[in-house]
Amino acid sequence: DVREPFVSRSGEVVLFLLAGAEVAGFDLPPTTESLFAFEPATGALELLSGDDGAPTQQTGFVSNYASSADGRWIAVETRRVEVLIGGVTDPNGATDVVLIDRSTGIRTLVSRSASDPRTAADRASILLGMSPDGSKVLLGSDARNLVSGFVNSNGIAQDVYVYDRVTGQIALVSGPSASEG
């Protein structure tokens, strides 16, 4: 079952979520969605939601993704961030946002604690979108630790944040003042 296909602006990369299917050469869970990148020119198929250090195996899942226009930068929403990025601590098991650089394979935790970039946010974060050049990731979260000095002024509603890939900073965009962490 293929869901949410995306073709890069140049047509060099096709991204898609695949659920409940067997794919030769990949060890996939039968009941979760997997994110793939396919390059038509070479026939290469890459499992983007694969476990850190095991690119053909997936034990976590991806529930949403966004891509830069060229398909290089991929942001994913996952409930198993510690599987996608080794050495990350996730104290609550809620959804988190991860940025993947397809050219280097580097994965960066976007929804992270302002005090420790290897610790996931203290509450759920969801992926809202990405800029066409992949430099900005928009996320929603009810976390209290994404930016230093955060004061919750909207009760139980989620706040909106933007992550800047170039600076590595997260800024609150839905609050009364912009904080960075």
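These are my notebook entries on one predicted protein model.

**Entry 1: confidence**

I looked up the confidence before anything else. The protein averages a pLDDT of 88. I found that 94% of the residues score at least 70. Helix α1, residues 81-84, has the lowest mean pLDDT, at 79. Strand β12, residues 136-141, has the highest, at 97. A reminder to myself: where pLDDT is low, the predicted coordinates should not be read in detail.

**Entry 2: overall make-up**

I looked up the secondary structure next. The protein comes to one helix and 14 strands. Its radius of gyration is 16 Å, close to the 16 Å from the globule rule for 181 residues, so the protein is as compact as a globular protein of that length. I also noted the box filled by the C-alpha atoms. Along the principal axes it is roughly 50 × 30 × 25 Å. Of the 181 residues, 48% are buried. For contacts I took residues at least 6 apart in sequence; 46% of those contacts join residues at least 24 apart.

I then went to the β3 and β4 pair. Strand β3 covers residues 33-39 and pairs with β4 in the antiparallel sense over four bridges. Glu39 has Ala44, in β4, as its bridge partner.

**Entry 4**

I found another open sheet of four strands, in the order β11-β12-β13-β14. Its pairing is antiparallel. Which strands stand at the edges? They are β11 and β14 (169-172), and each pairs on one side only. The twist averages 30° from one strand to the next.

I took the pairs in turn. Strand β11, residues 125-130, pairs with β12 in the antiparallel sense over five bridges. Met130 stands opposite Val137, which is in β12. The hairpin of β11 and β12 has five residues between the strands. As I noted under confidence, β12 has the highest mean pLDDT among the elements.

At the other end, β13 covers residues 159-164 and pairs with β14 over four bridges, again in the antiparallel sense. Tyr161 has Leu172, in β14, as its bridge partner.

**Entry 3: Thr95**

Thr95 lies in the loop between α1 and β7 (96-101). Is Thr95 buried or exposed? Its relative accessibility is 9%, and the cut-off for buried is under 20%, so Thr95 counts as buried.

What does the side chain of Thr95 reach? One of its polar atoms lies 2.9 Å from the backbone oxygen of Ser125. Ser125 falls within β11, residues 125-130.

I then listed the contacts of Thr95, leaving aside its neighbours within four places in sequence. They are Glu77, Thr78, Arg79, Arg123, Ala124, Ser125 and Ile126.

Terms used: Residues numbered from 1 in each chain as written. Predicted model: local features only at pLDDT ≥ 70, side-chain atom pairs only at ≥ 80, totals over all residues. Heavy atoms only, no water. Pairing = 2+ DSSP bridges. Helix = DSSP H or I, 4+ residues; strand = E, 2+ residues; numbered from the N terminus. pLDDT = per-residue confidence, 0-100. Buried < 20%, exposed > 50% of the residue type's maximum accessible area, 1.4 Å probe, protein only. Polar contact = N/O pair within 3.5 Å; in protein donor to acceptor, adjacent residues only side chain to side chain. Contact = heavy atoms within 4.5 Å. Axes fitted to C-alpha atoms, helices over the stretch in contact; angles between N-to-C directions. Rg over C-alpha atoms; globule rule 2.2 N^0.38 Å.
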